[in-house]
Amino acid sequence: MIKRCLSVLVGLVSAVGVQAGEVSVAVAANFTAPMQRIAAQFEADTGHKAVLSFGATGKFYAQIKNGAPFDVLLAADDETPARLEKDGQGGSRTTYAIGKLVLWSKQPGLVDDRGEVLKAARFERLALADPKLAPYGAAAVEAVTRLGVLDALRPKLVQGENIAQTYQFVATGNAQLGFVALSQVWADGKLKEGSAWLVPGSLYSPIRQDAILLNKGKDNPAAAALLQYLRGAKVAGIIRAYGYDL
Amino acid sequence: MPFSPEALQAIWLTAKLAALTTVLLLIIATPLAWWLARTGSRWRAPVTALVTLPLVLPPSVLGFYLLVAMGPNGPLGQLTQALGWGVLSFTFTGLLIGSIVFSLPFAVQPLQHAFEAMGTRPMEVAATLRASPLDAFFTVALPQAGPGLLTAAILSFAHTVGEFGVVLMIGGNIPGVTRVVSTQIYGHVEAMEYTQAHWLAGGMLVFSFVVLLALALLRRSHARVLP
């Protein structure tokens, strides 16, 4: 019985090993929607399967440092991959997308296209991601600081643990508006619902999102294939359609 | 000083939340447990199941439903807005409601067991001595259920201190309002501030151990009193 189990197991392992590889990817929450599409496309084109985990970049850093079995990290910033490389956890970093910050509300007409709503402040709650943990949160704080409204807004701020939770606060109406990633509210070249103000790039430092090949994925052909695939023209189209720059 | 001002603020807030939750829970849970212990109603089983639900449901489910229910379009949110209280998510009151729901079984069950163990005799005796049911409840039943009451209070307090998922989902991480110790630790870990995380996490470990030790000692001394 044990022998049979073992032979089945060996069969499975070798079947996986021969051609269709598997790559486990830690993905920053803001890149959830495009990455799901990219992974499906990746599997169809190369036969490799990308297993995706979504979450906060800071959490992934702690997990990777403590032996989490990820092959590739798609971070929400460029600092975390740089730090991982310095720590000897991986290498070959590349920027896969440049994120854009948007002030978004589910209510149509609440957010005007110049962000004046922030000065009038006729709302109870403004959601943003924790600036200590999430690059989009740090960008949001930078933007409201440059607009000179941070102190006025402070009592109204609520923080999501990552950008996905921030979106959830606004999407459920618990916060009337919030700073989220454009990719969360943008699909196929238009706003999915509500009202939004695309925060001008001059108000915050660019959110460069870097990918890094982690030590565990160094000898995994599927990991190398994914990183190469991310640089292809097909993926560029998907990434742009979700409102990122390249 | 191992604890930063933010950490002290979180500790104070956690203690306040846990204390208020405990007081309110005992007020709510005592009549509920009394009814559950003595009723023959066909509603007993469904109500028992309902009260026990928070014990089984993952905090993410409770947190998600609370967030949606408290939101401006949710039933609770509609009610609180109609009453002029506004929306309760991201407020201390909202957190308090979440904690009460979350810890309800921890208050009801020890009380219910205490009332059940007591049986019907003490109340019958009190009635023959012409005590009104309410009088008998406060002078006979409640003192007899003392250890159960204490267990319920300790467990409610400790369980609220240990609450995490629900707070994370309905709190919004506001310093001094909804940022409790458990979410503060989580923030420290994610921000790679391991020293601060260690101090708070270690404190939590010691606190929890002391509470459970006290509970165990209490049960032992109580068992000795019983014949």
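**A walk through chain A**

Guide: Chain A has 11 helices and 12 strands, where helices (H or I, at least four residues) and strands (E, at least two) are DSSP runs numbered from the N terminus. This is a predicted model, in which local features need pLDDT of at least 70, side-chain atom pairs count only at pLDDT 80 or more, and totals for chains, interfaces and linings use all residues. Residues are numbered from 1 along each chain as its sequence is written, while chains are lettered from A and ligands numbered from 1 in the order in which they are written.

Visitor: In which helix of chain A is confidence lowest?
Guide: Chain A has a mean of 88, and 92% of its residues reach 70 or more. Strand β3(A) sits at the top with a mean of 96. The lowest mean, 50, belongs to helix α1 (residues 2–18) of chain A.

Visitor: How many domains is chain A divided into, and what distance separates their centres?
Guide: The bounds come from an automatic or database domain assignment. Chain A is split into domain 1 (2–99 + 208–241) and domain 2 (101–198). Taken over C-alpha atoms, the centres of domain 1 of chain A and domain 2 of chain A are separated by 29 Å.

Visitor: Which helix gives the most to the side of domain 1 of chain A that touches domain 2 of chain A?
Guide: Two residues are in contact if their C-beta atoms, placed from the backbone, lie within 7 Å. On that basis, 13 residues of domain 1 of chain A and 13 residues of domain 2 of chain A take part. With three residues, the top contributor on the domain 1 side is helix α2 (residues 32–46) of chain A.

Visitor: Which strand runs parallel to β8(A), joined by two bridges?
Guide: Strand β8 (residues 177–181) of chain A is mostly covered, with five of its five residues buried. Strands pair if DSSP finds at least two bridges between them. Strand β5 (residues 101–105) of chain A runs antiparallel to β8(A), through five bridges. The parallel partner, with two bridges, is strand β6 (residues 126–129) of chain A.

Visitor: Which element gives the most to the side of chain A that touches chain B?
Guide: That contact takes 17 residues from chain A and 19 residues from chain B. On the chain A side, α3 (57–65) and β7 (157–160) each supply at least two residues. With four residues, the element that gives the most is α3(A).

Methods
pLDDT = per-residue confidence, 0-100. Buried ≥ 20, exposed ≤ 12 C-beta atoms within 10 Å, placed from the backbone.
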